[in-house]
Amino acid sequence: MNTIEANNFSSGLISLIPILFGLILVVVVIFLFWVLPIMLGIKQARKKNYSPAWMCLGIHPLFGWIAFIVLVCVRPRIRCASCGGFVKDNFFKCPFCHEAVSANPGQELPPRL
Ligand SMILES: [Zn+2]
């Protein structure tokens with residue numbers, strides 16, 4: 001009787017293993033589809049001078065991926081030297097103060113009218 005009970009106990013444990021693997025799989029899938037775009041998006045946002053708060057959209061996994069893709073596609077922003085406003089790096093003039101901006105601070109832009 002005792003050996004039968006022990007067998008039942010160990011087979012119960014063995015039958016738990018697929019459930020544990022299932023749980024681990026669910027955690028990994030949630031991480032890949034939900035947490036990963038938020039982490040990558042925050043990295044992109046910091047690199048391109050956008051607010052990492054955009055990745056608050058990642059509260060929903062779908063919006064998280066959309067925000068991440070948008071952040072990958074947009075041009076990086078640079079800070080205007082004279083007014084401190086953010087300007088896309090392909091702008092020649094700051095739209096706020098109309099001063100010339102340069103994506104590469106060491107490089108002089110040709111004068112524009
Ligand atoms: Zn400016």
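**Secondary structure.** I counted 2 helices and 2 strands in the protein, taking DSSP runs numbered from the N terminus, with H or I of at least four residues for helices and E of at least two for strands. Along the sequence I read the pattern α-α-β-β.

**Model and confidence.** I am working from a predicted model, in which local features need pLDDT of at least 70 and side-chain atom pairs count only at pLDDT 80 or more, while totals for chains, interfaces and linings use all residues. Residues are numbered from 1 along each chain as its sequence is written. The mean pLDDT (the predictor's confidence in each residue, from 0 to 100) is 86, and 87% of the residues score at least 70. Among the elements, I found the highest mean in H2 (94) and the lowest in H1 (88).

**Burial.** I noted that 15% of the 113 residues are buried, that is, with 20 or more other C-beta atoms within 10 Å of their own, the C-beta atoms being placed from the backbone.

**Cores.** I looked up the nonpolar cores (buried Ala, Val, Leu, Ile, Met, Phe, Trp, Tyr and Cys residues joined through C-beta atoms within 7 Å). The largest comprises 7 residues: Ile38, Ile42, Tyr50, Met55, Ala67, Phe68 and Leu71. Helix H1 (2-47) and helix H2 (61-73) are the elements that each give two or more residues to this core; H2 gives the most, with 3. Apart from this core lies another, of 5 residues, including Ile78, Val87, Cys94 and Val101.

**Contacts.** Beyond its neighbours within four places in sequence, Ile38 is in contact (C-beta atoms, placed from the backbone, within 7 Å) with Met55, Gly58 and Gly64. Of the contacts with a separation of 6 or more, I found that 28% join residues 24 or more positions apart.

Note on methods: Buried ≥ 20, exposed ≤ 12 C-beta atoms within 10 Å, placed from the backbone. Contact = placed C-beta atoms within 7 Å.
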